[in-house]
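Below are some remarks for a colleague who is reading this structure alongside its sequence. They are set out as numbered points, so that each can be checked against the coordinates.

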Amino acid sequence: MSNALDNIFASDPELAERAERAEAAGRPDVAGTFRNYEAAPDGGFPTALHQWQVTSALPSTADAVAELLGGTPYERETEAEDAMAVNTDTDRVEVVIDGPGAIEFDMKQWVNGKLAHHCDTRAFLSPPEDVGVPCRCPGTLAELKDRAKAERGPKPAITLTFRLAHDTGLGAFRYKSSGWSLISELPALKTALAKVGGPALAHLINERVQYTAKSGRDVDYQKLQLKVVKAFEQAITDAPNAAVEEEPPF
């Protein structure tokens, strides 16, 4: 464990106790979460992060991520279990994705912290008594987006699960997004993963998008860009001393 983590736990017995419980229970189903936005402490608009942030419940995972991707582990101000965070030095990470099933997409609306609407745009997915019942959501993306903006309907809930190519033993990480623009890219991504026919090497990129809208408003936001490269097994064969072949920056 790094000196920084030692210092944090020495000064915060409660955090140390929580970490020890997590370690004792073994690695969680999700080792950590990759984030390109950070929630505002006052509940305001989240802050865009141009390099990946990784959060985890396990100090050992935070330590390993910092070793691989740069940054220093620290404790977030949160009640969530993944209290440890690392602001990495990179916006591009080499990952392993285990097929198209690693991408999940549904629609969710949260009201006062509770899941009020959960569907696939055609039928409810929860609660159990409502599964399969028509949700009566609009049929087009534009209509869905308008209803969500008016807080009268659900937003996208997209989850990507993957492992780090240079240390797959750390376990499964995830990236979650409610971005509308990502929806149109999902079919092509799932097709590319299916063609690989097994675990695929991919580049997980935290892309900054900047442009001026027709109205004259400056637009600046972060989005996921995912590039499927090749079968992970092939990548290991092609580059026996490294997990992947580095992609040129341009």
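The points below take up strand pairing, aromatic pairs, the nonpolar cores, a helix, the cysteines and one leucine.

1. The model is a predicted one, and the values quoted in this note are computed from it.

2. Strand E6, residues 103-111, has two pairing partners to consider. With strand E9, residues 155-164, E6 pairs in the antiparallel sense over six bridges, and within that pairing Met 107 has Pro 156 as its bridge partner. With strand E7, residues 114-119, E6 is also antiparallel, this time through five bridges, and here Gln 109 has His 117 as its bridge partner. E6 and E7 form a hairpin with two residues between them, and Asn 112, in the turn, has a positive phi of about 55°.

3. Strand E10 likewise deserves attention for its pairings. E9 and E10 run antiparallel and are joined by five bridges, with Thr 159 standing opposite Lys 176. E1 and E10, by contrast, pair in the parallel sense over three bridges, and Thr 33 stands opposite Arg 174 in E10.

4. The aromatic pairs come to five in count. One of them, Phe 34 with Phe 173, is edge-to-face, at 5.7 Å centre to centre and with 80° between the planes. Because Phe 34 lies in strand E1 (residues 32-38) and Phe 173 in strand E10 (residues 173-177), this pair ties together parts that are 139 residues apart in sequence. Phe 34 counts as buried at 1% relative accessibility, and Phe 173 counts as buried at 0%.

5. A further pair, formed by Trp 52 and Tyr 175, is edge-to-face as well, with 5.6 Å centre to centre and 80° between the planes. Trp 52 belongs to strand E2 (residues 47-56) and Tyr 175 to E10, so the pair ties together parts that are 123 residues apart in sequence. Trp 52 is buried at 0% relative accessibility, and Tyr 175 is buried at 5%. Ring pairs link Phe 34, Trp 52, Phe 162, Phe 173 and Tyr 175 into a cluster.

6. The largest nonpolar core holds 41 residues, of which Phe 34, Ile 97, Phe 162, Phe 173 and Leu 204 touch the most other members. Helix H3 contributes the largest share of this core, namely five residues. Leaving aside neighbours within four places in sequence, the contacts of Phe 34 include Trp 52, Val 54, Leu 69, Val 93, Phe 162, Leu 164, Phe 173, Tyr 175 and Leu 204. Another core, of five residues, lies apart from the largest one, and among its members are Val 96, Ala 165, Phe 232 and Ala 235.

7. In helix H3, residues 59-69, the buried residues are Pro 59, Thr 61, Ala 62, Ala 64, Val 65, Ala 66 and Leu 69. The helix is followed by Gly 70, whose phi is positive, near 85°.

8. How many disulfides does a search of the whole structure find? The search finds zero. For Cys 135, the closest cysteine sulfur is that of Cys 137, and at 3.7 Å the separation is too far for a bond, given that a disulfide requires sulfur atoms within 2.5 Å. Both residues fall in the buried class, Cys 135 with a relative accessible area of 9% and Cys 137 at 15% relative accessibility.

9. Leu 125 is found in strand E8, residues 124-126. With a relative accessible area of 36%, Leu 125 is partly exposed. Not counting residues up to four places away in sequence, Leu 125 touches Asp 106, His 118, Cys 119, Asp 120 and Val 131. Leu 125 and Cys 135 are 10 residues apart in sequence, and their C-alpha atoms are 9.2 Å apart in space.

Conventions:
Residues are numbered from 1 along each chain as its sequence is written. This is a predicted model: local features need pLDDT of at least 70, side-chain atom pairs count only at pLDDT 80 or more; totals for chains, interfaces and linings use all residues. Side-chain values use heavy atoms; hydrogens and water are left out. Two strands pair if DSSP finds at least two bridges between them. Helices (H or I, at least four residues) and strands (E, at least two) are DSSP runs, numbered from the N terminus. Rings of Phe, Tyr and Trp (its six-membered ring) pair if their centres lie within 6.5 Å; planes under 30 degrees apart count as stacked, over 60 as edge-to-face and the rest as tilted. Buried means under 20% relative accessible area, exposed over 50%, partly exposed in between (1.4 Å probe, protein chains only). A nonpolar core is a set of buried Ala, Val, Leu, Ile, Met, Phe, Trp, Tyr and Cys residues joined through side-chain atoms within 4.5 Å. Contact means heavy atoms within 4.5 Å.
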